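Here's a quick briefing to read with the structure open beside you. Take a look at the fold, then work through the points below.

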Amino acid sequence: MSERRETGVRRRATTLVVVPALNEEHAIAGVLKELAVCCPDADVLVIDDGSTDGTAATASALGVPVVRLPFNLGVGGAMRAGYRHALRHGYRAVVQVDADGQHDASYISHLLAELDAGADLVIGARFAGVGGYSAGRGPRRWAMRLLATVLSRLAGTRLTDTTSGFRAAGPRALEVFAEHYPAEYLGDTVESMVIAIRSGCRVRQVPVAMRPRAAGRASQSPIRATVYLLRAVVALGLALVRRWAPRAS
């Protein structure tokens with residue numbers, strides 16, 4: 001963890017920004033430079049999720065620490081490694097930021113402010129009145145609404161973007177996720193939120209605007225995105241019936 005000197009007092013960063021990355025060598029430099037500007041008091045950690053390109057080398061060249069996974073585990077596995085790193089090194093908050101440039105780092109302060117206001121897990125919501133991001137039409141829109149309706153009822157608050165990967169976890173959620181964060185497909189979105197809610201975490205959202213990818217092509221076409229969301233609905237059903245209980249404190 002980095003140390004910073006301010007008015008003669010040495011202090012340590014309490015927030016860790018975790019950037020899970022898979023083959024993002026052309027976009028990740030811009031993401032890391034933006035984080036340095038927008039979050040000068042936070043530490044940044046790249047989790048290289050089995051990349052076969054120069055993602056890790058690009059991050060290292062910018063002086064950002066990199067954890068290299070031996071093979072691709074998916075976002076869930078990468079974030080579980082990030083949460084465990086954060087807990088082991090004494091961080092109080094973890095912010096997840098994608099490596100493709102879609103997440104605007106200027107909103108991180110809004111996520112952290114909501115943690116300070118009492119939330120344990122804060123979601124950066126694309127469909128909450130900021131920006132022009134659309135949930136689409138037909139089955140894709142229906143799936144998004146179903147996910148939002150069910151998880152909003154569980155959380156006791158309105159959630160509009162339950163599959164967003166732009167999120168911040170405070171101390172309580174960080175401890176739960178370090179032990180229980182699901183690595184299975186789609187577990188990093190809907191199931192992780194179910195786990196957080198069942199463990200007593202207070203989940204909130206803040207509106208954010210998303211940007212197009214900074215480089216490369218999206219891995220999902222509109223059809224694949226629809227299939228993804230339909231699978232997310234199935235994953236939500238499995239998460240709701242799965243037996244799970246937090247570790248006794």
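Which residues point one way from S3, and which the other way? Thr15, Val17, Val19 and Ala21 go one way, while Leu16, Val18 and Pro20 go the other, and all are buried. Keep in mind that this is a predicted model.

**Strand S3 and its neighbours**

- Seven of the seven residues of S3 are buried, so the strand is largely enclosed by the rest of the structure.
- S3 is joined by four bridges to strand S6 (residues 93-96), and the two run parallel.
- Across that pairing, Thr15 sits opposite Ala93 in S6.
- S3 also runs parallel to S4, with six bridges joining them.
- Look at Ala21 here: its bridge partner in S4 is Asp48.
- To get from S3 to S4, the chain passes through helix H1 (residues 28-38), giving a β-α-β crossover that is right-handed.

**The nonpolar cores**

- In soluble globular proteins, nonpolar side chains tend to be buried together.
- Here, the largest nonpolar core has 32 residues.
- Tyr83, Val94, Leu121, Leu151, Phe177, Met193 and Val203 are the ones with the most contacts inside that core.
- At least two residues of this core come from each of strand S3 (15-21), strand S4 (43-48), H3, strand S7 (121-125), helix H5 (138-155), H6 and helix H7 (187-198).
- The element that gives the most is H7, with six residues.
- If you click on Val203, you'll find it touching Leu121, Ile123, Ala155, Thr157, Leu159, Met193 and Ile197, leaving aside residues up to four places away in sequence.
- There's also a second, separate core of 30 residues, with Val31, Val95, Leu115 and Ala168 among them.

**Aromatic pairs**

- Searching the whole structure turns up three aromatic pairs.
- In one of these pairs, the ring centres of Tyr83 and Phe177 are 5.2 Å apart with the planes at 55 degrees, so the pair is tilted.
- Tyr83 belongs to helix H3 (residues 74-88) and Phe177 to helix H6 (residues 171-180), so this pair ties together parts that are 94 residues apart in sequence.
- Tyr83 is buried, at a relative accessible area of 1%, and Phe177 counts as buried too, at 1% relative accessibility.
- Phe177 also pairs with Tyr181: their ring centres are 4.8 Å apart and their planes are at 80 degrees, so this pair is edge-to-face.
- Both Phe177 and Tyr181 are buried.
- Put together, ring pairs link Tyr83, Phe177 and Tyr181 into a cluster.

**Cysteines**

- How many disulfides does a search of the whole structure find? The count is zero.
- Cys38 is in no disulfide, and the nearest cysteine sulfur, that of Cys39, is 5.9 Å away.
- For a disulfide, the two sulfur atoms would have to be within 2.5 Å.
- Is Cys38 buried or partly exposed? Cys38 is partly exposed, since its relative accessible area is 34%.
- Cys201, on the other hand, counts as buried at 7% relative accessibility.

How values were computed:
Residues numbered from 1 in each chain as written. Predicted model: local features only at pLDDT ≥ 70, side-chain atom pairs only at ≥ 80, totals over all residues. Heavy atoms only, no water. Phe/Tyr/Trp six-rings, centres within 6.5 Å; stacked < 30°, edge-to-face > 60°. Buried < 20%, exposed > 50% of the residue type's maximum accessible area, 1.4 Å probe, protein only. Core = buried A, V, L, I, M, F, W, Y, C linked by side-chain atoms within 4.5 Å. Contact = heavy atoms within 4.5 Å. Pairing = 2+ DSSP bridges. Right-handed = clockwise from strand over helix to strand, strands pointing away.
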